[in-house]
Amino acid sequence: MSYTAPVLRKPTVRNDRRGRFSVTTSIVYVIFAILIVTQLYPLLWLLIYSLKTNEEILSGSFFALPASLQWQNYSDALGGGQYFRYLGNSLFVTSVTMVCVIVLASLTGFAIARFRWKYANAVLMVFLVGMMIPMQGTLLPLMIIFKHLGILNTHLSLILPYMAFQTPIAVFIISGFMRSIPHEIEESAIVDGSGVFRIYWNIALPISVPPIMTVCILTFINIWNEYILAATFVTAERLKTLPFGVYSFVSQYSVNYGGIGAFLVLGALPVILIYFLLAEKITKGMVAGAVKG
Amino acid sequence: MNVLRVSGWKIAAFVLPCLIIYSLLVFVPILVSFYSGLLDWNGIGDAKFIGLKNFEKMLTNDSIFWPAVGRTLLLAGVSMGVQLPIALCVAILISRYVRKPNFLVSSYFLPVILSVVVIGQLWKTIYNPASMGGMLNQILESLGLQSWTHSWLTEPKIAIYSVIVVALWQYLGYHILIQFTGIQNIPSDIYEAAKIDGASGLKADRYITLPLIVPIFKISVVLSFIGSLQSFDLIMVMTGGGPAHATEVVASLMYNMSFLSMKYGYGSAIASFLVILCLVATIIINGLFSKLDKRYS
C-alpha cells in the first residue's frame, strides 16, 4: 500500500469549444457564480453585520453597508480579554494534541511499516475498526471515567480523547507512506551500525514530513473546531476553547447584535487566515484524510 | 517485505504506548457504555442493574426515539440524495469548463473548515425574525413575500429542514472537492481515446467519468452517511433538539437524556445503538460498493 495522496493536478481542461463563446458555457459560469454567492455571501454578510450599529441591523436594509464602520463592536467583543484567553486555550490544546498524535502515530506507523513481525496487520486493523466508532459513543463513559480520575474540567480531559480519536487516521497515513521508503536505506543504516531508534529518528521521520504535514492539517481542523467534548468536559471560564467560548459569548450578549457578529468574525478569523496562507495544502490534506478514512 | 528484525521489547516500545492509550480511550469507554446501557442510573447515585429494559423501552416504548432515528436518516438521505449528486455535477462541470479551478474549489470549500459554532450562530442570525435583523426574512419581506416568512428555527414543522439546509450548505464544498480530485485523477488519455471513438461530452461522462469515479464517490457516501449519523454539534448549537424535541436526532437525544434528564443508563443505551448503527452502516455501504465495483471492472 503506497502513499497516494490525491493531488490537485494541473487541470486537464476537456473543453471541446475552447475559446469560443457558447450558451452552455455561460450557463455553466452562471451556476458557478451562484454557488460562489451561496457559499461565500453569508460569511461576507456576517462581516458587514459585525460593523453595523444595532439600529442599522434591525432596520431591515440587509444589503446596505454601514454608515460608519462600528469598530466599537470589536472592542466590545475583545473587552474583558476572553477572546485571547479562549484563543490561547485552543492553541494550547490543539498543539499539544498535535505533538502527541505525531509522536505516537509515527512510532506505531514505523513499526507497522518496517518491522518484520506477525501482528503488524492485526494492529493496523485495530485502528481501522476504531475509525468507524463515533466519538459521541464515548462521550458519556469518558465523562464518568474522567470524573473518577479527577481530571474533569482540565485541558487533559480534552487532549486525551482528541489524541485518541486522531491517532487511527494518523497511523494509517504515516504507515502507508513509510511502506514506500526503499529498503536499501535502512539496510545501509544497519551496516553502518545504527539501531532501530536511530533509523526511526534520523531516517524515517525526516523523510516522512509530507504525511506528517497532512496529519497536522487534519488534526488542526478537527480539534480546533471541536465543540461537543469541549462544552461537556470543561466548564471553567478560564479553560474554555474558542468554539465553546464563542458559544458562551453569544448566549451572554444576546442583544448586542453587532458585538455578537464581531465575536463570530473573530472566532472564524484564525482558521480563515490559515486557510488563506495554506489553502492548497489544507484542501489536499482534507482529501487525503477523507480518502484514507 | 519488511526487513527490520527487531526484538520483542523494541516492538512493544514502538507500538504499545499508542495502542494502550488508544484502547483505553476508545474501546474501553465503548464497553463501559454498553454496560451502563444495562443500568438504571442517573450518573451520580446508586446504579441498579435492569438488564435489557433500557433497550426494550428505547425500541418499543419511547415516543421520541424513532422520530429522532427518522430525522437522522432523513438528514443522511437528503445529504446522499441531494448534496452528493449536486457536488458530482459541479465537480464534472468544473473539470470541464475551468482552466484554473483552484480558486473556485477553495472558495466552495471555505465553510467546511469553519467551526460549527460559528456556522450555527451565523445561520441562527440569518434565520432570525426580520425585526431582529434576520437576513432571510428581510429578503422575503422586501420581495413582498410576507406570507413566506417564518420563524425558521422555532416552528416545529420547519425547524429540522432549516438545520438540514445548513448542514448541506456547510459540507457541499467538501464533496465537490473530493469528487473533483477524483475526476482530476482519471488519466486524460482515456478521454482522448474515447474522443477518437466518438465519445465526448455527456457520453464521456456517462461511460468514463461515472464508472471511474465510483471509488471516490463511495468515500463521499460513507462520509456523508456517517457524518449525518453523528451530526449533533450543529443541532446542539442551533436548536438544542427543540422546540419540543422537533429537531432531535439520535446523538442529541443521547446527550439530552444523559445530561438534561439525568437518565445516564438510558442515554448509554442510545449511545450503544448509535455505535452499532455506525458500524452496520459502514459495513453495508462497503458491501454495496464492492458489488458496484465488480460490475464496472
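**Ground rules.** I number residues from 1 along each chain as its sequence is written, and I letter chains from A and number ligands from 1 in the order in which they are written. Because this is a predicted model, local features need pLDDT of at least 70 and side-chain atom pairs count only at pLDDT 80 or more, while totals for chains, interfaces and linings use all residues.

**Where the chains meet.** I looked up contacts (C-beta atoms, placed from the backbone, within 7 Å). I found 85 residues of chain B in contact with 77 residues of chain A. Helix α1 (residues 8-36) of chain B gives the most to that side of chain B, with 16 residues. Helices here are DSSP runs of H or I, at least four residues, and strands are runs of E, at least two.

**Domains of chain A.** The bounds come from an automatic or database assignment. I read domain 1 as 23-71 and domain 2 as 80-252. Their centres, taken over C-alpha atoms, are 38 Å apart.

**Annotated spans.** I checked the UniProt record, an unreviewed entry. Its "transmembrane region" annotation covers, among others, residues 124-146 and 158-178 of chain A. Such annotations may be inferred rather than shown by experiment. Residues 124-146 of chain A are 70% helix and 0% strand, with end C-alpha atoms 27 Å apart. Residues 158-178 of chain A are 100% helix and 0% strand, with end C-alpha atoms 29 Å apart.

**One residue.** I then picked B:Val250. Not counting residues up to four places away in sequence, B:Val250 touches B:Ala68, B:Val69, B:Thr72, B:Ile270, B:Phe273 and B:Leu274.

Key:
Contact = placed C-beta atoms within 7 Å.
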